[in-house]
Amino acid sequence: MLNLERLRTLDALARHGSVVAASAALHVTTSAVSQQLGKLERETGRQLIARQGRGVRLTDAGQLLAGHAARILSQVEQAEVDLEAQRGAVVGELRLSAFPTAARGLVPPTLAVLAAAHPALRVRSRELEAGEGVRAVLRGDLDLAVVLDWYNKPLPLPAGLVKAPLLDDPADVAVPVDHPLAGRESVDLAELAEDPWITWGEGEFCHEWLMVTLRAQGVEPRTPHRAEESHTQLALVAAGLGVCVVPRLGRDPVPEGIRTLAVRNGIRRHVYALWRADADRRPSIRAAVAALEQAAAAVRS
């Protein structure tokens, strides 16, 4: 009989494209992945993978079996969902991700609530940008993701996902304490047209949002410095190297040498949890969403 864990390993290789990526998704070593694939080849009597440069590729037999593996694993997951829903118990494993400031501002209290209320639930958490979180939930690598979009730039969501709003997160502009506008309580973005902007990485959802938003204000931004993490951006602002947008969720403590100014007419992010529709009845999903909503309510208060 085909071994389910070995099929899971083949499925991870097919979806992620490399032994290293498959091992990371499965939280095992690369040697463990190779061993499982070797055993699967012996079980089937077929060559499933072949060397390709420094990596590997699936053979025709490997692709055929990987297609069956994906369907088998989907059926197994659905059976687990049905059993968990029937039992009504918050048990098993839950894999969740959150974008960086939510990983700091929402995830720790959420995990604490779940640990206290549901000790039989094993939670794995990781930090992922919103787009990566969406893709990981779709692939089945995650059960739940905390993601964001902006008031004027929705995050595209594929079919088959369910979302629950958590909070609206206002964002300010951070400027060096000696900036000419640092004494103000609020600014228009257009007043910062001549300043260098510290932004996210090229192609990141938040970077694209910032470019669209500034250009709508008649600002063609200069972006000499980029950083993924908000506290790195704030450190660059404190060093006098530019200004940045800084949402309020998860941003404290703000370094010395910085003033945060409200933006007239307001800019804000929408933060929400999402999961696959076919897992909607899982008690663990419902418990995690409730814990996230409790953490979000504490942030809003």
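Guide: The unreviewed UniProt entry annotates residues 2-59 as "domain: HTH lysR-type"; UniProt positions are given in the numbering used here, feature names are shortened, and such annotations may be inferred rather than shown by experiment. The model is predicted, so local features need pLDDT of at least 70 and side-chain atom pairs count only at pLDDT 80 or more, while totals for chains, interfaces and linings use all residues. Residues are numbered from 1 along each chain as its sequence is written, and side-chain values use heavy atoms, with hydrogens and water left out.

Over residues 2-59 the chain is 62% helix and 14% strand, with the end C-alpha atoms 18 Å apart. Helices (H or I, at least four residues) and strands (E, at least two) are DSSP runs, numbered from the N terminus.

Two packed helices are described by the angle between their axes and the distance between the axes. For helix H1 (residues 4-16) and helix H3 (residues 30-44), the axes come within 9 Å and cross at roughly 115°. Axes here are lines fitted to C-alpha atoms over the stretch in contact, and angles run from 0 to 180 degrees between N-to-C directions. H1 and H3 are therefore roughly perpendicular, a class that spans 65 to 115 degrees.

At the contact (heavy atoms within 4.5 Å), Glu-5, Arg-6, Leu-7, Thr-9, Leu-10 and Leu-13 of H1 meet Val-33, Gln-36, Leu-37, Lys-39, Leu-40 and Glu-43 of H3. These residues of the H1 and H3 contact comprise 6 nonpolar, 2 polar and 4 charged; Asp, Glu, Lys and Arg count as charged, Ala, Val, Leu, Ile, Met, Phe, Trp, Tyr, Cys and Pro as nonpolar, and the others, Gly among them, as polar.

Notes
Angles under 35 degrees count as roughly parallel, over 145 as roughly antiparallel, 65 to 115 as roughly perpendicular and the rest as oblique.
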